[in-house]
Amino acid sequence: GLVSQNLKKLRSDFKILNPNVDFYASIAQKRTPSFDLLITNPPYSGDHIEKCLSFCTSSGKPFACLLPSYVYNKGYYADDKMFMIIPKRRVRYVKSHVAVAKADVTGRDDRDWTAPFHSFWFCSNDVLPLFTTGEGMKFCEDQDLIVARNIEEIPNDFRDITDVKKKRKNPKQRKRDKLKKK
């Protein structure tokens with residue numbers, strides 16, 4: 001969908017494949033499809049994120065994974081192998097048709113709900129030049145994206161609440177933010 005369209009803006013020669021296969025079964029059977037760049041948004045439950053990043057960092061291929069921001073605080077995050085693209089606005093996740101049908105049945109309309117956390121694109125270092133030079137840099141500016149080459153470059157407003165380096169706003173700033181929400 002939208003990811004494919006945005007990739008085409010960066011590089012018109014990208015060929016996009018999206019086979020409907022069990023990714024983990026393919027890994028176990030050593031039958032992963034041939035790819036030049038892996039772009040994925042794995043499930044966030046269980047150990048999916050850790051397994052996905054483990055595969056990505058050991059594959060030797062470029063990757064971009066849309067994941068919750070808290071991943072950079074986890075032991076399995078490899079700061080020396082990846083960088084982050086941080087959307088300034090929260091990612092709005094599209095609900096499955098099952099969730100929409102359930103909302104229709106229950107009368108609870110939360111189709112516009114978004115995740116309670118920021119999401120980052122965690123990318124392999126070899127694609128960094130795509131986003132820090134020429135057209136890629138312009139693309140990031142146009143799309144309101146921040147490129148953080150390492151954890152230290154993550155702006156405070158986008159740091160996860162579990163991050164000990166996140167600075168708490170002073171009481172006046174918190175009060176002002178609270179009034180803005182009303």
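So, K165: at a relative accessible area of 47%, it counts as partly exposed, where buried means under 20%, exposed over 50%, and partly exposed in between, with a 1.4 Å probe and protein chains only. Before I go on, this is a predicted model, so to speak of local features we need pLDDT of at least 70, and side-chain atom pairs count only at pLDDT 80 or more, while totals for chains, interfaces and linings use all residues. Residues are numbered from 1 along each chain as its sequence is written, and side-chain values use heavy atoms, with hydrogens and water left out.

Back to K165. What does K165 form a salt bridge with? The partner is E152, and the closest N and O atoms are 3.3 Å apart. By salt bridge I mean a side-chain nitrogen of Lys or Arg within 4 Å of a carboxyl oxygen of Asp or Glu. E152 is exposed, at 52% relative accessibility. Both residues lie in the loop between strand 5 and helix 7 (171-181), so the pair ties together parts 13 residues apart in sequence. Helices (H or I, at least four residues) and strands (E, at least two) are DSSP runs, numbered from the N terminus.

The whole structure has six salt bridges. Another one joins D163 and R159, at 2.6 Å from N to O. D163 is buried at 7%, and R159 is buried too, at 9%. Then there's D144 with R89, at 3.9 Å between the closest N and O atoms. Those two are 55 residues apart, with D144 in the loop between helix 6 (134-142) and strand 5, and R89 in the loop between strand 3 and helix 4 (97-106).

Strand 2 is largely enclosed by the rest of the structure, because six of its six residues are buried. Strand 2 runs antiparallel to strand 4, joined by five bridges, and L66 stands opposite W121 in strand 4. With strand 1, strand 2 pairs in the parallel sense over three bridges, and I39 has A64 as its bridge partner.

Last stop is S69, in the loop between strand 2 and strand 3. Buried or exposed? Buried, at 2% relative accessibility. Beyond neighbours within four places in sequence, its contacts (heavy atoms within 4.5 Å) include H118, F122 and D160.

Technical notes:
Two strands pair if DSSP finds at least two bridges between them.
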